[in-house]
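Work through the exercises below with the structure open. Each task is followed by a solution in steps.

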Amino acid sequence: MKKFFALLKVSVKSMLLSSTNARGRSRKKAATGMGAMVLIAFLGLYMSGMYSSLLMSVLAPVHMESLVFLFMGMAALLGGLLFTAFAVKGVVFGGKDNDLLLAMPVSSTMLMAGRVSAIYLENLLFSFFILAPAGAVCAFMTQSGVGHSLLFWARLLAAVLALPLLDTALSVLMGALVAFASAKLTKGGAVGQNIVMALYLVAVFWFAFNLNGMLEGLAADAMGVKESLSWAAPLLWMADGILGDWGKLLAFAACCIIPFVLVVFGLGRVYRKAVTAFAARSARNDYKLSAQSASGQKKALLRMELRRLFGMPMYFWNSCLGLIMLVAMGAAALVMREDLRMYLGLLEDFPRMPLAALMIGFCLSMTVIAAPSVSLEGKYLWILREAPVDEGALLGLKTGFELMFSAPCAAIAGACLTIALELSPLEGAVLLLAALLFCAAHAAFGMLIGLTFPKLDAVNETVVVKQSLAVMLGMFVPMAALGACALAYWLGSMAGPVLAIALPLALLAAFAGACALILAKKGPAMLRAL
């Protein structure tokens, strides 16, 4: 067991604490790992708290609390797959230290168990922050005494520990298929991953837009809904087991443990062959010594950035998810404008334009294209440095590459919200100006923070895009700036409407100007120092 825990520790550090090139800076690495865990926990807590409350308000009167755990179990399962399925390719099968670990006196099965257990811990974190809040909501809102005994919490804990085992087994199998496809078909693998992620997002948006109809159906015939979900038998057993059926809880635990054990021992037997085969076919081809059809230096660099963005599914979906949400939010507001106006009308004199600006800014904060851009060059950065393009122009192109996507999406969302909320032309113009200023500030800050905290020796793009310090700061610092703008609006509103609008705009302009000025003066030297 000593060897297993040592391997597990290495795998967890590889997954969570790969933040920068700096060695010995344990605080910075720990901050990045904690940031990733806090983000996962926050998403789980937010989803569970909101949807569990909505479901319980409908299901508690008909004593069908088990459906809350059924739906939250589905959310934990699908969310875990989203977080870890594509990361498995890098963590389990693409680890930079695989050659070293396979040469040590440990079996490939034990090494596989250590890698897979690290994935299990990440799924466990998300599962806990989905199911535990659901249990708390159930205990608080129930009308049948559910959740008022210690045995209920013991059964809930057993479900929390068991569900990630099934999630991990499915993630590892999907990750193995992704690694195989990537090794066989360099372009086809990326296209396949993009299609899978697109279908997942379509399902998420469909669920969000049809939530009200689903709640009405649950209120009318909750038992019929439960019977129609017989295809998800293990999750039904989990839900009934949490509420008191020990037999079904044991059956659910068996459905989780058996696939996990089979995956570990089955893939463990061929782990060495799989890692060798994937590594032999995964040589990078970002740069080729061949004629370029692009006419001009900037066009060639732009095509390189486009190939990277759309050729790396992990990079695309993590970096552009905010833009997808932004456009979807604008389109939904336009389609559902009557309902939206009715809900906002209940808030009486609540300012609509600042609310729209905050929503746009939040979605833009999740767009991290510039922050990981330099780190994704990896060990091939020297080739880009040798290109006949000065550092300032190169940084300007990488910064403008994010603006090429974020500015049009912000403009589309701003126009849709202006129409949907019936804002005046002046308010619409202010909303658009604020969105464009935030786009500029976010892109310049992302590029600057990417140069400050580079990760050029990352094992794969997953480490850079999901776990690097630059990406974390590139998301959360602009969110903090957004909060400062909201505070400035509130303080300015005490003096008058003009000052309420002028203060946030001045703050955004100052943020964008300061980041652009520092990037222009210090950026080239920072790039040369890498």
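**Exercise 1.** Classify arginine 528 as buried, partly exposed or exposed, and find its salt-bridge partner.

Solution. Step 1: the relative accessibility of arginine 528 is 45% in this predicted model. Step 3: its side chain meets that of glutamate 391 in a salt bridge, 3.6 Å from N to O. Step 4: glutamate 391 lies in helix α19 (residues 391–420) and arginine 528 in helix α23 (residues 497–528), so the pair ties together parts 137 residues apart in sequence.

**Exercise 2.** Describe the salt bridge between arginine 308 and glutamate 305, and state which network it belongs to.

Solution. Step 1: the closest N and O atoms are 3.4 Å apart. Step 2: both residues sit in helix α14 (residues 297–311), three residues apart, or about one turn of the helix. Step 3: arginine 308 and glutamate 305 are both buried. Step 4: shared partners join Glu305, Arg308, Glu377 and Lys398 into one network.

**Exercise 3.** Compare the accessibility of the partners in the salt bridge of aspartate 240 with lysine 248.

Solution. Step 1: their side chains meet at 3.2 Å, N to O. Step 2: aspartate 240 has a relative accessible area of 15% and is therefore buried. Step 3: lysine 248, at 32%, is partly exposed.

**Exercise 4.** Where is helix confidence lowest, and where is it highest?

Solution. Step 1: the lowest mean pLDDT, 61, belongs to helix α8 (residues 186–209). Step 2: the highest, 93, belongs to helix α20 (residues 425–452). Step 3: over residues 17–32 the pLDDT is below 50. Step 4: where pLDDT is low, the predicted coordinates should not be read in detail.

Technical notes. Residues are numbered from 1 along each chain as its sequence is written. This is a predicted model: local features need pLDDT of at least 70, side-chain atom pairs count only at pLDDT 80 or more; totals for chains, interfaces and linings use all residues. Side-chain values use heavy atoms; hydrogens and water are left out. pLDDT is the predictor's confidence in each residue, from 0 to 100. Helices (H or I, at least four residues) and strands (E, at least two) are DSSP runs, numbered from the N terminus. Contact means heavy atoms within 4.5 Å. A salt bridge is a side-chain nitrogen of Lys or Arg within 4 Å of a carboxyl oxygen of Asp or Glu. Buried means under 20% relative accessible area, exposed over 50%, partly exposed in between (1.4 Å probe, protein chains only).
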